[in-house]
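Subject: Structure for your files

Hello,

Here is the structure I said I would pass on. My notes on it follow below.

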Protein chains: 2
Amino acid sequence: MSRLDSAFAALADPTRREILHRLSGQPQPAGALSRGFRMSQPAVSRHLRVLREVSLVEVEEKGRQRIYRLSKRGIDDVADYVEEVSKTWQTALTAFKRYAETRP
Amino acid sequence: MSRLDSAFAALADPTRREILHRLSGQPQPAGALSRGFRMSQPAVSRHLRVLREVSLVEVEEKGRQRIYRLSKRGIDDVADYVEEVSKTWQTALTAFKRYAETRP
DNA sequence: GACTCGTATAACCTATCGGTTATATAATTT
DNA sequence: AAATTATATAACCGATAGGTTATACGAGTC
């Protein structure tokens with residue numbers, strides 16, 4: 001599985017998008033995050049692992065807590081791809097419009 | 001599953017991203033697409049169905065052919081979300097930088 | 001040193017995914 | 001109308017995802 005596959009797969013889960021959203025507010029320990037969801041602590045822990053593995057979040061060990069925050073690297077990866085795809089799609093849309101115009 | 005979940009899930013598969021890429025060049029019938037992959041015709045047909053269901057592609061029936069092309073609607077959906085997320089992340093990054101600066 | 005706390009991992013279950021082959025269906029061609 | 005072509009669907013299978021409960025483990029606390 002390529003980095004990109006994993007990143008998209010990670011973003012496909014609503015719980016993980018919600019975690020990213022909350023972390024965009026401020027870094028938080030795993031416990032605070034998991035208490036915010038109606039699923040078990042291990043379940044959230046697993047989601048955090050997935051996000052870690054695709055570098056969308058980073059962890060800082062602070063005593064027995066794990067402080068999670070967004071990771072610049074992962075964010076940049078996604079942003080780069082999105083930009084590239086935007087360009088491609090822009091081209092495609094232009095072609096599409098041209099096509100539509102020739103067929104009124 | 002929300003529209004967004006499905007869209008990301010659809011994009012998580014490399015075959016489907018490749019299909020979108022090829023369609024960004026030009027609209028094509030299903031057969032031409034499926035011949036370009038080293039998997040069975042039904043497998044590609046299923047990928048096309050997934051892309052159809054999340055409105056990333058559209059089909060035009062032309063005799064016994066199905067001409068596939070990118071769908072503006074699906075593209076816009078993704079673009080909108082990406083823009084929104086970009087903004088959020090921009091904010092988060094700013095906060096992150098501020099945090100980093102106060103802790104040299 | 002025993003206890004508790006915060007978090008991760010293990011083992012397990014069910015549902016879904018992505019592939020296969022076989023088959024159906026609709027449009028052409030002969 | 002029979003055969004062929006383009007494509008989709010059905011039935012099946014192994015792998016993976018995401019949840020659960022039970023358990024391990026390292027860091028503070030008594």
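**The sheet in chain B**

Pro29(B) has Ile67(B) of S3(B) as its bridge partner. Helix H2 of chain B, residues 14-25, packs on the sheet and touches S1, S2 and S3 of that chain. The direction of H2(B) makes about 90 degrees with that of S3(B). Please keep in mind throughout that this is a predicted model.

The sheet is open and has 3 strands, in the order S1-S3-S2 of chain B, with antiparallel pairing. Its edge strands are S1 (28-29) and S2 of chain B, each of which pairs on one side only. S1(B) and S3(B) run antiparallel and are joined by 2 bridges. Between S2(B), residues 57-62, and S3(B) there are 6 bridges, again in the antiparallel sense. Within S3(B), Arg66(B) is the residue opposite Glu61(B).

S2(B) and S3(B) also make a hairpin, with 2 residues between the strands. Gly63(B) sits in that turn and has a positive phi of about 60 degrees.

**Chain A in outline**

Chain A contains 5 helices and 3 strands. Along the sequence these follow the pattern α-α-β-α-α-β-β-α. Of the 104 residues in chain A, 24% are buried. For contacts in this chain between residues at least 6 apart in sequence, 50% join residues at least 24 apart.

In chain A, helix H1 covers residues 3-11, and Ala7(A), Phe8(A), Ala10(A) and Leu11(A) are buried in it. Viewed down the axis of H1(A), the buried residues fall within an arc of 160 degrees, so they line one face of the helix.

In chain B, helix H1 also spans residues 3-11, with Ala7(B), Phe8(B), Ala10(B) and Leu11(B) buried. The buried residues of H1(B) lie within an arc of 160 degrees when seen down its axis, so they too line one face of the helix. As background, an α-helix has 3.6 residues a turn, so residues three or four places apart point the same way.

By class, the surface near DNA strand C has 9 nonpolar, 8 polar and 6 charged residues.

DNA strand D is surrounded by 23 residues, the closest being Ser40(A), Gly63(A), Pro29(B), Gly31(B) and Pro42(B). Here the elements with two or more residues are H4 (41-53) of chain A, and H3 (30-35), H4 (41-53) and S3 (65-70) of chain B. The largest share of the surface near DNA strand D comes from H4(B), at 6 residues. The classes in the surface near DNA strand D are 9 nonpolar, 8 polar and 6 charged.

Is Pro42(A) buried or exposed? Pro42(A) counts as exposed because it has 9 C-beta neighbours inside 10 Å, and the cut-off for exposed is 12 or fewer. The C-alpha atoms of Pro42(A) and Leu56(A) are separated by 19 Å, with the two residues 14 apart along the chain.

Ser55(A) lies in the loop between H4 and S2 (57-62) of chain A. Ser55(A) is not a glycine, yet has a positive phi of about 60 degrees. Most residues other than glycine have a negative phi. With 19 C-beta neighbours inside 10 Å, Ser55(A) counts as partly exposed, since a residue is buried at 20 or more.

In chain B, Ser55(B) is found in the loop between H4 and S2. Ser55(B) has a positive phi of about 60 degrees although it is not a glycine. Ser55(B) is partly exposed, with 19 other C-beta atoms within 10 Å.

Regards

Key:
Residues numbered from 1 in each chain as written. Chains lettered and ligands numbered in written order. Predicted model: local features only at pLDDT ≥ 70, side-chain atom pairs only at ≥ 80, totals over all residues. Near = placed C-beta within 6 Å. Helix = DSSP H or I, 4+ residues; strand = E, 2+ residues; numbered from the N terminus. Nonpolar A, V, L, I, M, F, W, Y, C, P; charged D, E, K, R; others polar. Pairing = 2+ DSSP bridges. Contact = placed C-beta atoms within 7 Å. Axes fitted to C-alpha atoms, helices over the stretch in contact; angles between N-to-C directions. Arc of directions from axis to C-beta.
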